[in-house]
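Student: Could you take me through one part of this model in close detail? I would like to look at the ligand site and then at what lies around it.

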Amino acid sequence: MDKSENIIEVSGVTAGYGNNVVLKDIDFTVKHGEIFVIMGGSGCGKSTLLKQMIGLYRPFAGSVTIFGQDIVEATLSERRVMMQKFGVTYQDGALFGSMTLAENVALPLEEYTDKSVAEIAQIVRDKLQQVELGEFGDYMPSEISGGMRKRAGLARAMALSPSLLFFDEPSAGLDPITSADLDSLILVLQREMKTTLVIVSHELDSIYTIADRVIILNAATKGIVASGKPRELRDNCQDSWVRDLLTRKNMKLENKI
Amino acid sequence: MSKQERIVENIGDAAWQAMLDTVDLFCFVGELTITIFTALRQPRKVRWRETFYYMDQCGCKALPITIIICLLMGLILGFQGAVQLRKVGTDIFLADFVGVSILKELGPLMVAMVATGRAGASFAAEIGTMKVSEEVDALETMGCSPHRFLVIPKLLAMLVAMPLLTIFGNIAGIIGGFIVGVSMLKLPPVAYYNRTVAAISPEIFASGLIKSAVFAVIITVVGCMRGFQAENDAQSVGRATTSAVVTAIFWIVIADWVLTMMFTMMGY
Ligand SMILES: Nc1ncnc2c1ncn2[C@@H]1O[C@H](COP(=O)(O)OP(=O)(O)OP(=O)(O)O)[C@@H](O)[C@H]1O
Ligand SMILES: [Mg+2]
């Protein structure tokens, strides 16, 4: 695939719940192989945007194209094929509580492929190893910590070795060290597997470390207020709200010192 | 707007909501029917392990309470019947009275009430919680239909568990009547037994089991539907659970009435 080719195209998406419009007229594209970050304050509709992109909800208007195919208009069976090509990690892991970690990771393989039990077990072991949960295959989701649940969710999202990964708040609710670990894990995975990553985050540290491009949503305008490379935005953006958002952490630090 | 107008408007609004809800229920049943047929063509894709889990949860674990409640129901029915029948000196017909009413009506109904409180409520809470924690979303992106994954195992389990529970409940109920007949009315045990056997028939027995299978479908479908309707907060899971119980009881009574009319017309 051409490096510059757009893997996701979101155009004119207006979305929300019931009569409540959360996002208005969103336009952006994600290129092959990049780490794309969606930023914004809590409750501004980041998770909502992500769910629109993976076709879980229908937008009020506009279209979402993934791998050159419209996911909004796709039929159920077309969508099933598309969904095999990307993985999703949810905000709280969304592991199935009645299954062990290994069974959770095995589920997409059982659903989408005809692999034998032994093959599946091997892949599951590999994927859990990759997120450093090798010994925890037999644990139930309730028996492990929040960070481990997120990593297990990541292993499950990667089960089919997708070329596109969606990641809702990988580091929210984790301590800085664990969250940095997760960041480096994401970077390693991206280099090894050439995956395109769409990440929802408001952790400035991770954004400066990993993001190729970032868009910033604002709850007041319900739209994108800025997009570009994070460092360039921080230094050159016209909008002072965006500059504040991108330097917030540093200001706090300065006050303390 | 005057007070009277508001009352009318509220009643109309409530009726309209109830109608929409009923339409939702039938849509859900429709979608589910399609899923069931797809699942029947690919039995390998049914989650058998979950199915057995729910059979254990909703069947085996419910057995003690079901037996106790049906036994007590038999005792109560026995007392009520004994008082009336003694007045006209037809004590022995207590066996007919208890046997037939337990088998036709009270056995399936009491089992359904217990199952609504246990299984129906827990189905709604389980699916509602899964929705809040985005597990239902995750299922969809992994290519599993939430219906096939979450509803079919529960439905199959309940379709097996409820009629079996009803059989045990029936036996317990008849024993309840027997205890009253023998101790209070001093009927000879053998006479009571013979009278019971003469009064009940395989048709009566079967009609009760059919009822309980229908109730099983209602409890599962309503419980699951309410779970899926839960919104993304904990309170709505609570509301879903309450509503699952109330709605299921409502539809059970309606179905009971329809089935009773049907069986009566067919001569059972
Ligand atoms: N299932 C839902 N039903 C109705 N409204 C919803 C639902 N999910 C989210 N909302 C509303 O949509 C808005 C955006 O929510 P969303 O979860 O997308 O925010 P977010 O940016 O992901 O926030 P956070 O950083 O806290 O995860 C919120 O105001 C929320 O109240
Ligand atoms: Mg979110």
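**The ligand site and its surroundings**

Tutor: Happy to! Of the 14 residues around ligand 1, those that come nearest are A:Ser42, A:Gly43, A:Lys46, A:Ser47 and A:Thr48 (a residue is near if one of its heavy atoms lies within 4 Å of the molecule). Before we go on, please keep in mind that this is a predicted model, where local features need pLDDT of at least 70 and side-chain atom pairs count only at pLDDT 80 or more, while totals for chains, interfaces and linings use all residues. Residues are numbered from 1 along each chain as its sequence is written, chains are lettered from A and ligands numbered from 1 in the order in which they are written, and side-chain values use heavy atoms, with hydrogens and water left out.

Let's start with the polar contacts, meaning pairs of N or O atoms within 3.5 Å; within protein, one must be able to donate a hydrogen and the other to accept it, and residues adjacent in sequence count only if both atoms are side-chain atoms. A:Ser42 places a polar side-chain atom 2.7 Å from an oxygen atom of ligand 1. A:Gly43 uses its backbone instead, with an N or O atom 2.8 Å from a ligand oxygen, and a polar backbone atom of A:Lys46 is likewise 2.8 Å from an oxygen atom of ligand 1. Taken alone, ligand 1 exposes 630 Å², and the protein buries 67% of that (accessible areas come from the Shrake-Rupley method with a 1.4 Å probe; for residues, only the protein chains shown count as cover).

Now the shell as a whole. Three of its residues, the largest share, come from helix H1 (residues 46–53) of chain A; helices (H or I, at least four residues) and strands (E, at least two) are DSSP runs, numbered from the N terminus. By class, the shell has three nonpolar, nine polar and two charged residues (Ala, Val, Leu, Ile, Met, Phe, Trp, Tyr, Cys and Pro count as nonpolar, Asp, Glu, Lys and Arg as charged, and the others, Gly among them, as polar).

A:Glu169 sits in the loop between strand E7 (164–168) and helix H6 (176–193) of chain A, and A:Lys46 in helix H1 of chain A, so the pair ties together parts that are 123 residues apart in sequence.

The site also leads us to the partner chain: residues from chains A and B surround ligand 1, so it is shared between chains. The contact (heavy atoms within 4.5 Å) takes 24 residues from chain A and 18 residues from chain B. Across this interface there are six salt bridges, and one of them joins B:Lys45 to A:Glu111 (3.8 Å, N to O). On the side of chain A that touches chain B, helix H2 (76–83), strand E6 (86–89) and helix H3 (101–112) of chain A each give two or more residues, and H3(A) gives the most, with six residues. As for chain B, its secondary structure comes to nine helices and zero strands.

Notes
Salt bridge = Lys/Arg side-chain N within 4 Å of Asp/Glu carboxyl O.
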